[in-house]
Each structure stands twice: as C-alpha cells, then as structure tokens.
Amino acid sequence: MIKVALVGAGKMGVSHLSILGAHPDVEIVGVCDTSKIVTNFLERYSKLDCYSDFGKMLDQVKPDAVFIAVPTKFHYQLIKMAMEKNIHVFAEKPFCLNTTEGRELISLAAKNKLVNQVGYHNKFVGTFKEVKRIIKLGMIGEVFHFVAESYGPVVTKPKQSSWRSKPEEGGGCLMDYASHVIDLVNDIVAPITEVKGATLKSIYSNTVEDAVYSVMSTTSNVSGILSVNWSEETYRKMSTTVTILGSKGKIISDANELKLYLKDENKEDYTKGWNVKYITDLTEQVNFNLRGEEYSAQIDYFVDAVMNRKPNTINTFQQAWETDKVIELLKRHK
Amino acid sequence: MIDRILFGDNQFFAVNHISDEKSRAQSIQFKNDDAILKTLDHAREAGLNTFMCTTHDRISSVCDVIRKNPIKYENYKIFPCMPYAHKYANAVTELGITGTIKQYVPGNLFGSLFKGGMAVLSKDYISLIELMIDAEMKMFKGIKTPVIFLQNVITDLLIGLKADEILMAFYNHVRKKHNAEPGFITMNMPKLYEILERNGVENPIICSSINKVGFRMSGKVEAYEEILRTKRGRFLAMQVLAGGAIPPEEAIEYICSLPNIESVLFGASSKRNIESTVSYINKFDEKHLTTAMAS
C-alpha cells in the first residue's frame with residue numbers, strides 16, 4: 001500500500017483520482033485544489049482530505065507519491081517542492097514550460113532516486129505499443145519518413161476563457177495536443193532534433209495557436225511531417241494517427257486500428273501485403289476502466305514503479321524533456 | 001419489462017471502437033436525420049422497438065418525428081443515456097470545470113452559488129445533478145422512456161471517487177421525478193454491482209461490455225460470470241461483438257449461452273446487418289430454450 005496525494009483536481013486530476021481511488025494498492029491521503037466547488041465535493045462525497053496549500057498538504061499527509069495535474073506553468077515549482085521532500089512524482093503533460101527548468105528537475109529526481117513519470121498516455125495504448133515493437137524489430141526495414149497527425153474539437157468557436165488559452169501558462173494547441181504526437185514520434189521513431197519549418201496558426205483563438213504544421217527530422221535523419229489541429233470539429237474526440245514509411249514496409253496506426261504493409265516477406269503472424277490488427281487484439285485488461293485502458297495502465301505502471309515492482313523507464317522526465325525541447329524549437333516559428 | 005434486443009445509436013454518431021475510417025463513413029451516411037430514421041425503421045421492421053440512445057443534440061429531431069407520428073410509433077420506447085459526455089469533456093478542456101457548470105446548468109441556481117463566495121452546501125450538489133438530469137430529459141417529453149441510463153464515463157468516475165451518494169441521487173431522482181427505472185452503464189460491472197447492493201438497490205439494471213474475448217470487461221471475466229450466475233439483476237450486454245473482433249454468429253452464440261442476460265444491445269448501419277444479428281439472437285435463444293426444456 002502506498003500513500004498518494006494529488007494537486008490540481010481539474011479534468012485530468014479528477015480522472016486520476018477516480019482511478020487511484022479504485023486501485024487496491026493506493027490510499028489517497030490528500031487533494032489540493034484552489035476551487036472550493038471541487039474540494040467541497042470531494043470532501044463531502046469521496047471523504048477525502050482537501051487542502052488549498054500544497055506545501056502544507058505534503059507536510060501534513062506525508063505521501064509516498066504525488067500526482068501533479070495543475071497548469072503546466074506551475075509544474076516546475078510544485079514538482080521541485082515534492083522532490084525536495086523525497087516524494088515520487090507523476091506529472092501531467094507537457095513536462096515544463098522551458099528546458100532549463102526541466103533539466104534541473106531531471107537531476108533532482110536522479111539525485112534523490114525518485115520515480116518520475118509524465119502522463120503521455122499514448123505509450124500505454126496497445127496499437128502504438130505494437131507499432132514501436134514492429135519498428136524496433138526492423139519489420140518495416142529502415143524507417144525514412146513519418147507523418148504524425150492529431151485532430152480534435154477543443155476550440156471550435158472564437159472565444160477563450162481558461163488557462164488553455166493563455167500561452168504563458170502552457171495553453172495552446174502546441175502544448176496541449178501537439179506535445180502528445182511529438183512524444184509519440186520521439187518514442188517510436190527517434191527523437192526529433194530539427195524543425196525545418198513550421199506554421200503555428202490561430203484559427204479561432206486570439207492568444208494561442210489552434211494548429212501546428214511542421215516539417216522536421218530526427219536524430220536518425222528520418223524526415224517527417226507534423227499536422228495537428230484542435231479546432232477540427234469533424235472529429236468527435238482527439239484522434240491521433242501515425243504513418244511510418246520504411247524500406248520494407250509501412251505502418252498506419254491510430255489508437256484503434258493498426259495497419260501494416262509488408263513489402264516482401266512474412267514476419268511473425270503478419271504476412272506479405274496488408275495486415276490489420278485492432279485494439280481489441282492488443283489491449284491488456286485493466287483492473288478498473290475509466291474512459292480507456294491506457295489511463296489506468298499508466299497509473300498502474302507508476303504505482304508498480306513506486307513499489308519497486310517495475311522499472312521506471314516509460315514516460316520518464318528525461319523523455320518528456322526531449323518533447324519539451326521540440327516544443328521549444330517549434331515556438332521559435334511563432 | 002425490458003425487450004430482449006435493444007437497438008443502439010453509436011453508428012449514428014460516428015462512435016466506432018475499432019476504426020476511425022468507419023467512424024467517418026458513418027458520419028457521412030448519417031449526416032441527415034432521415035438516414036437515422038430510416039435505419040430505426042429497419043430495426044423496427046426487425047422487431048426492435050426500443051432505441052437506447054445518448055442525449056445527443058440530434059436525438060431531439062428524432063424525438064420530434066416520433067411525437068408527430070403517434071400511431072406509427074405507438075409501442076416505441078427510448079432508453080435515454082445521459083449525459084452526452086464529449087460535449088462536457090470538450091467544454092471542460094476549454095472552459096474549466098466551473099465554466100462548464102456555468103454554461104450548462106440551467107436556471108440561476110448556480111449563478112447564486114458562485115455569488116455567495118462559493119459556499120456550496122452538500123444539498124446543492126444533489127439539486128445541481130437533479131437539474132442536469134431534468135435538462136437532459138427535456139427532449140424526450142411525451143415519449144415513453146421507461147428506463148433512463150447514466151453513461152459509463154460518469155458511472156465509472158463516481159465508482160472510483162467512491163461517491164455512492166451521487167450514484168444514488170441519480171437512482172432516486174429518476175424514479176421519483178421521471179417515473180422511470182434507473183439504469184447504469186459501466187466498464188466495471190462487478191464493482192458497480194457491489195456498490196448498488198450495499199446501497200440497498202434490488203434487481204439493478206446494469207449495462208456493460210460482455211463478450212467472448214473479455215474486451216472492456218475490467219477486473220476479471222470470472223467476476224462477471226460469477227455475478228451473472230449468482231446475483232439478481234437485469235444485466236444488459238453491450239459490445240458483444242467486441243467492436244467487430246469476434247464473428248457475429250460466434251459472438252452471439254456465446255452471449256445467448258450465458259445465464260441471466262436480460263437483453264442484448266447492438267447497433268448497426270445497414271438493414272442486412274440488423275436482420276442478421278436479430279436472426280442470430282433468435283436462433284440461439286430458441287436453441288437454448290429447447291435444450292433447457294429437454295433437460
């Protein structure tokens with residue numbers, strides 16, 4: 001059993017709380033949020049101890065681990081505070097607003113030997129995990145190009161009012177949507193190191209970009225195109241697709257369906273030509289499911305790492321920092 | 001009495017669990033309400049007189065047609081499932097939790113709560129939920145809605161938050177105010193059953209994924225089978241084809257062989273698929289009835 005606290009009970013925070021609440025090895029010892037409307041609810045119905053001061057909460061409840069789901073602007077300060085008190089950290093994505101802050105937190109985590117994870121949940125989606133495996137095994141030969149796309153209907157009207165519309169707090173399509181896709185490419189292809197050109201376009205928002213289009217390349221000289229737009233009402237919810245071209249085949253995958261084309265020969269149970277696998281074949285069952293297995297799977301993984309049952313190698317601060325670096329490169333094109 | 005087969009609405013709103021491409025094709029096919037109504041007619045011709053649907057904005061036009069043709073839809077029932085979660089989820093991303101409540105809660109109850117320095121009393125949360133239920137139910141006025149469901153995103157969120165009182169607030173309000181039976185959709189059926197049992201709900205209506213491959217059956221498949229075998233309840237099976245992963249005939253043979261499955265919920269876009277699924281259910285139901293009678 002581990003003691004877990006959470007700060008930031010917004011959309012992701014409440015979702016994490018629910019999954020943590022159902023976890024057999026977790027005791028939720030405290031929740032910190034500035035919204036009375038949320039903390040009153042959690043105190044009254046979930047019988048949770050709520051705080052409005054993060055430091056005070058940590059000192060009083062002494063958690064083993066903390067979930068940080070506040071706007072990105074506050075990540076650095078709160079993560080640092082927790083890690084200095086030797087508390088393991090799961091932080092929401094993106095990691096930090098700049099790479100200097102991120103670098104400092106990576107060293108602190110290493111120095112204090114703390115489990116550190118960032119909420120890029122696509123890494124726990126069955127289809128994307130399989131894409132990574134296929135590429136690693138060289139089944140599509142040498143990868144030479146990728147197209148990474150993500151679309152969804154977040155801002156579909158000209159108005160804005162939350163922190164997501166404030167660039168200085170980590171708002172905008174680049175930080176919110178594009179970060180997911182960049183992180184996925186970094187993981188399954190290779191880290192992106194160069195942004196050859198980019199357009200950060202406002203469609204309905206005045207203060208932030210609603211779309212990011214870019215030509216980029218990776219450490220391994222793979223070229224790629226990024227196309228992300230959160231003002232896309234032809235999508236019911238966020239939908240991420242990667243297309244990866246290799247010398248011996250091609251992959252097109254989203255979170256539901258993986259299509260693999262093999263140029264010349266059979267590999268494992270995949271045969272020459274087109275192959276299709278569905279998420280139903282690739283999903284491991286979780287103990288508790290709230291709106292998708294991957295959200296539970298990433299928390300299970302973090303809890304296992306804190307309890308020394310699994311290595312802390314997926315979605316580490318270091319990997320999330322690589323994504324922050326690409327975000328920084330893209331911002332220069334604003 | 002819940003019909004043996006319920007017709008679902010995922011296909012109308014581009015909800016496809018295995019393919020984004022199929023989702024888009026469905027968006028195109030069902031762009032006009034006429035296409036939805038025509039498919040509902042195909043389902044009615046196949047004997048399906050219960051439509052289980054989300055409280056999506058477009059359902060209100062379907063409701064208008066049903067109200068205007070009372071003779072045609074004399075025995076027609078709708079099981080509303082609320083809320084249409086993506087509407088709220090996207091709003092929360094854009095407006096935050098407080099902003100979303102302000103936007104969607106009708107009347108000025110919430111306005112007055114905010115003005116009062118956010119001094120929210122527990123009673124007001126329940127009133128808030130009751131108001132939201134009433135608002136979602138408005139479009140069904142004059143239509144038979146004998147069962148009203150809480151969508152899985154909310155049911156499961158509340159299970160994890162251990163907010164039994166809120167689940168029960170939905171249960172009680174649906175019974176009292178809407179004179180209907182409350183139902184719950186969930187991806188965590190055994191956990192939900194335990195909560196409802198603990199809160200004194202007898203013979204609950206629970207709709208959950210139940211299929212041969214265990215897809216979206218969280219926890220252990222054995223726990224699901226155990227509940228079906230030993231507990232009293234009206235269990236509805238959805239995602240019986242596991243999004244298309246199991247061939248229809250095999251999928252339905254499995255579902256019909258399970259004990260205590262009151263109804264099967266499925267959706268389909270074409271007349272042919274509706275008819276074939278219905279015929280499989282009838283076939284395997286008859287087979288099990290014959291076997292049962294013989295023994």
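Modeller: Before we start, domain bounds here come from an automatic or database domain assignment. This is a predicted model, where local features need pLDDT of at least 70 and side-chain atom pairs count only at pLDDT 80 or more, while totals for chains, interfaces and linings use all residues. Residues are numbered from 1 along each chain as its sequence is written, and chains are lettered from A and ligands numbered from 1 in the order in which they are written.

Colleague: Fine. Which domains does chain A have?

Modeller: Domain 1 covers 2-119, and domain 2 covers 122-284 + 317-327.

Colleague: What separates the centres of domain 1 and domain 2 of chain A?

Modeller: 27 Å, taken over C-alpha atoms.

Colleague: And how many residues does the contact take from each?

Modeller: Domain 1 of chain A puts in 16 residues and domain 2 of chain A puts in 14. Two residues are in contact if their C-beta atoms, placed from the backbone, lie within 7 Å.

Colleague: Which elements give two or more residues on the domain 1 side?

Modeller: Helix H5 (99-111) and strand E6 (116-118) of chain A. H5(A) gives the most, with 6 residues. Helices (H or I, at least four residues) and strands (E, at least two) are DSSP runs, numbered from the N terminus.

Colleague: Switching topic. What does UniProt list for residues 2-120 of chain A?

Modeller: An unreviewed entry gives "domain: Gfo/Idh/MocA-like oxidoreductase N-terminal" there. UniProt positions are in the numbering used here, feature names are shortened, and annotations may be inferred rather than shown by experiment. In the model, that stretch is 44% helix and 22% strand.

Colleague: What is the strand order in the open sheet?

Modeller: E3-E2-E1-E4-E5-E6 in chain A, 6 strands with parallel pairing. Two strands pair if DSSP finds at least two bridges between them.

Colleague: Why is one side of E3 and of E6 left without a neighbour in the sheet?

Modeller: Strand E3 (50-51) and E6 of chain A are at the edges, so each has a single partner strand.

Colleague: How many bridges join E1 to E2?

Modeller: 6, between residues 2-7 and residues 26-32 of chain A. A:Leu6 of chain A stands opposite A:Val31 in E2(A).

Colleague: Now chain B. How many residues of chain A are in contact with it?

Modeller: 39 residues of chain A, against 40 residues of chain B. H2(A) supplies the largest share of the chain A side, 7 residues.

Colleague: Which classes are on that chain A side?

Modeller: 15 nonpolar, 14 polar and 10 charged residues. Ala, Val, Leu, Ile, Met, Phe, Trp, Tyr, Cys and Pro count as nonpolar, Asp, Glu, Lys and Arg as charged, and the others, Gly among them, as polar.
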